[in-house]
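Colleague: Could you walk me through this one? I would like to go region by region.

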Amino acid sequence: MKQFVVNLLHRMPVLLIIVIEAAMVYTATSVAKVAFSQLDPLYAVWYRVGFMTLLLLAWRRPFSHTKRSFLPKTLREWAVVVAVGISLVAMNTMFYVAISCMPVGVAVTIEFIGPLLVAVITGHEWRERVGMLIAVCGIIVLASTSMHSAVSPHFLIGLCAILVGGSMWGVYIVSGRMIAKSSHAIDRVSIAALIGWLLQSTVLAVPAVQHVISPKPEATWAARPGGSFALLALMLVIAVCASFFPTLLDQVLLKRVTSAKYSVMQALYPAIAVVIGMGFGEIPTWTDIVGIVLVMCAVVVTFSGDHNPV
């Protein structure tokens, strides 16, 4: 069965895998947003990161006897692993805070400021600068109407959160590339996720567990008998669909295409997120669509000329 799935993924068109992955991630994310009525965003993201980490550790077993020789050895290697862990947790946390204050499609769009910023800092061509300029225009368009919208009264909080989250995505890209060059990269990513989750747990673990055992006053089905187990099961499914499976699919994709082509294909993410969001009642305005299209164009402009396969 495992070999059948692997062969299927290697034969399936790359663009189709991108669409399936994005649909899976943003459907799970939209479900998580609905579940915010039962469990606050910060606690929900603690469970998502936690379940993802436990699944990665169970799959890769990086601390097993046969793999201990591949653990980071130098202070620099451990620093890179820690940077990946902190940025991974921070970008997920800020993303959940953001989608509690704005539509998922808008948050996904603005978050692309991270990869674009990395391209501007590391690039030496006109594409990066023009792409960033287009992206900034798109974000201004999105913010100009949403800031005073009754639909998103806390948009400014969400905007600050997603800009921080996007910046952390940029840090994750840079540090993640360093890990990707090492042997057993996924093993190190699982260790990084563990470090990030443990740091996150120092603040969120106790209240997150308490809010599942004793749901908040506004909770409905989570407060019923057996509701706590249903909530945990939902968080597990969200972690599998939004984090664990996409991690596996990314490994297949990056073996089949260059990172530049992958980045261009990711320009579809905001559009897919908007379509999924519409199914959950998040209808974009025409101004939203203009802003989202501008950011999508910025991604294509920035990465279409990049022939670096790294």
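Colleague: Is His124 buried or exposed?

Modeller: Keeping in mind that this is a predicted model, His124 counts as exposed, because its relative accessibility is 75%, and exposed here means over 50%.

Colleague: Where is His124 found?

Modeller: His124 is in the loop between helix H6, which covers 113-122, and helix H7, which covers 126-146.

Colleague: And how many Å separate the C-alpha atoms of His124 and Ile238?

Modeller: Those two C-alpha atoms are separated by 39 Å, while along the chain His124 and Ile238 are 114 residues apart.

Colleague: Changing topic to the aromatics, how many aromatic pairs does a search of the whole structure find?

Modeller: The search finds eight aromatic pairs. One of them joins Trp46 and Trp197, whose ring centres are 5.4 Å apart with planes at 35 degrees, so this pair is tilted. The cut-offs behind that word are that planes under 30 degrees apart count as stacked and planes over 60 as edge-to-face, with the rest called tilted.

Colleague: Which parts of the chain does that pair link?

Modeller: It links distant parts, with Trp46 in helix H3 (residues 41-60) and Trp197 in helix H9 (residues 185-213), 151 residues apart. Trp46 counts as buried at 9% relative accessibility, and Trp197 is buried as well, with a relative accessible area of 14%.

Colleague: Which residues do ring pairs link into a cluster?

Modeller: The cluster is made of Trp46, Tyr47, Phe51 and Trp197, which are linked by ring pairs. Elsewhere, Arg60 lies over the face of Trp59, at 4.8 Å from the ring centre.

Colleague: What is the phi of Arg61?

Modeller: Arg61 has a positive phi of about 45 degrees, although it is not a glycine. For background, most residues other than glycine have a negative phi. Arg61 sits in the loop between H3 and H4, and it counts as exposed, with a relative accessibility of 56%.

Colleague: Back to the helices, at what angle do the axes of H4 and H9 cross?

Modeller: The axes of helix H4 (residues 75-99) and H9 cross at roughly 60 degrees and come within 7 Å. The two helices are therefore oblique to each other, and their crossing is right-handed. The residues making the contact include Trp78, Val81, Val82, Gly85 and Val89 of H4, together with Ile191, Ala192, Ile195, Gly196 and Trp197 of H9.

Colleague: How many residues of helix H5 are buried?

Modeller: Eight of the eight residues of helix H5 (residues 104-111) are buried, so this helix is largely enclosed by the rest of the structure. Among the buried residues are Thr109 and Glu111, along with Val104, Gly105 and Val106.

Colleague: And how do the axes of H5 and H13 cross?

Modeller: The axes of H5 and helix H13 (residues 286-303) cross at roughly 30 degrees and come within 9 Å. That makes H5 roughly parallel to H13, and H5 passes H13 in a left-handed crossing. On the H5 side the contact is made by Gly105, Val106 and Thr109, and on the H13 side by Asp288, Gly291, Ile292 and Val295.

Colleague: How many Å apart are Ile110 and Val130?

Modeller: From C-alpha to C-alpha, Ile110 and Val130 are 16 Å apart in space, and in sequence they are 20 residues apart.

Conventions: Residues are numbered from 1 along each chain as its sequence is written. This is a predicted model: local features need pLDDT of at least 70, side-chain atom pairs count only at pLDDT 80 or more; totals for chains, interfaces and linings use all residues. Side-chain values use heavy atoms; hydrogens and water are left out. Rings of Phe, Tyr and Trp (its six-membered ring) pair if their centres lie within 6.5 Å; planes under 30 degrees apart count as stacked, over 60 as edge-to-face and the rest as tilted. Helices (H or I, at least four residues) and strands (E, at least two) are DSSP runs, numbered from the N terminus. Buried means under 20% relative accessible area, exposed over 50%, partly exposed in between (1.4 Å probe, protein chains only). A charge sits over a ring if NZ of Lys or CZ of Arg is within 6 Å of the ring centre and within 35 degrees of the ring normal. Axes are lines fitted to C-alpha atoms, for helices over the stretch in contact, and angles run from 0 to 180 degrees between N-to-C directions. Angles under 35 degrees count as roughly parallel, over 145 as roughly antiparallel, 65 to 115 as roughly perpendicular and the rest as oblique. A crossing is left-handed if the near helix is turned anticlockwise from the far one by less than a right angle, and right-handed if clockwise. Contact means heavy atoms within 4.5 Å.
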